[in-house]
Amino acid sequence: MDRLLAVVVLTAIIHLINTLIYAVRPAGVITRRLATAYSLFNVIFLVAQTANMLQAPLLGSIIDLAVGRGVEAAGSGVNLLNTPVYQQELLILDYQFRTIILGATVGTLIGALFIPMFITFFVKGIDVFGEVKSIPKMLGMMIFSPGKMARMAKSAVRIPNRQFFKQVLSEKVTIPKKFLILNIFITGIFTTSVLSSLYACALYPEFRTTASMLSGIINGIATILFATVVDPTAAGLTDQALRGERPEADIKQMSFYLALTRFLGTILAQLFFVPAAWIIKYVAEMIARGGI
């Protein structure tokens, strides 16, 4: 498989699974077993972690090959960034990384469409876990009782569940809008932070290892906002539903709008990509010159 295509597919898988986490809270509220819902999701999240493990070295190799081709074509003793051949390599990298971001957008969209199905799937999975009380036993049922698991999966599959989206879109938004707007910017930053740091490696190849370690410069603010605003707000709304202070429909509405704002955030990442790379390059230059 082509290197770029492999990265795009892996990126789509990562963002698809990270979007499906929005199905966990509604399933936890419906069953009143939120902790179990998150525990079951962690099993699925292992797929995203594996995809991320495979994606990282492939991304790094794209940068190394681009820089290597530029050095080979330009020769030694020249300012690499000012050579036409290296400028062409940068344009190719820009196209490749924007394609990868597009993969994140597609994966998020697919994940959003599958949220209704996964709410049902998690509800049924939680019920099964309540019976067997063991993840290994559940996995054993999948292997040794495929018929039973297939029936459960078949009853959960509704692609797409138009009734879910019609109901959510027809109802008045009853959840705070500020944390939804913040989720757009947070997702945009998270989506592009690593890619921007890698592109900064190509902008400053002499210290590309330094630049590659600086993605935290970009996503640090997003991490703070997520930890202090978005996640606590979502948790508070979920707790209200668990206590009966909010209807379950509000949590389904929240899961839909979080997925929608995440989708918009991946589109916004296209705008953040290059400016974030130049910020990282500037910080890397300061470190290289002993300014930090």
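I189 counts as buried because its relative accessibility is 17%, and buried means under 20% relative accessible area with a 1.4 Å probe, protein chains only. I189 sits in helix α8; helices are DSSP runs of H or I with at least four residues, numbered from the N terminus.

This is a predicted model, where local features need pLDDT of at least 70, side-chain atom pairs count only at pLDDT 80 or more, and totals for chains, interfaces and linings use all residues. Residues are numbered from 1 along each chain, and side-chain values use heavy atoms, without hydrogens or water.

**Around I189**
- Beyond its neighbours within four places in sequence, I189 is in contact (heavy atoms within 4.5 Å) with I218, N219, A222 and F272.
- Q270 lies 81 residues from I189 in sequence, yet their C-alpha atoms are 9.9 Å apart.

**Nonpolar core**
- In soluble globular proteins, nonpolar side chains tend to be buried together.
- A nonpolar core is a set of buried Ala, Val, Leu, Ile, Met, Phe, Trp, Tyr and Cys residues joined through side-chain atoms within 4.5 Å.
- The largest one here has 73 residues, and F97 and F179 touch the most other members.
- Helix α4 gives the most to this core, with 14 residues.
- Setting aside neighbours within four places in sequence, F179 has contacts that include V229, M254 and L258.

**Largest cavity**
- A cavity is a set of points on a 1 Å grid over the protein atoms alone where a 1.4 Å probe fits but cannot get out; lining residues have an atom within 4 Å of a point.
- The largest cavity holds about 40 Å³, a volume being the space filled by probe spheres set on the points, which are joined across faces, edges and corners.
- Its lining residues include F164, E171 and K252.
- Helices α7 (162–170) and α11 (248–288) each supply at least two lining residues.

Methods: On a 1 Å grid over the protein atoms alone, a cavity is a set of points where a 1.4 Å probe fits but cannot get out, and a pocket is an open set with protein on both sides within 12 Å along at least five of seven lines; lining residues have an atom within 4 Å of a point. Buried means under 20% relative accessible area, exposed over 50%, partly exposed in between (1.4 Å probe, protein chains only).
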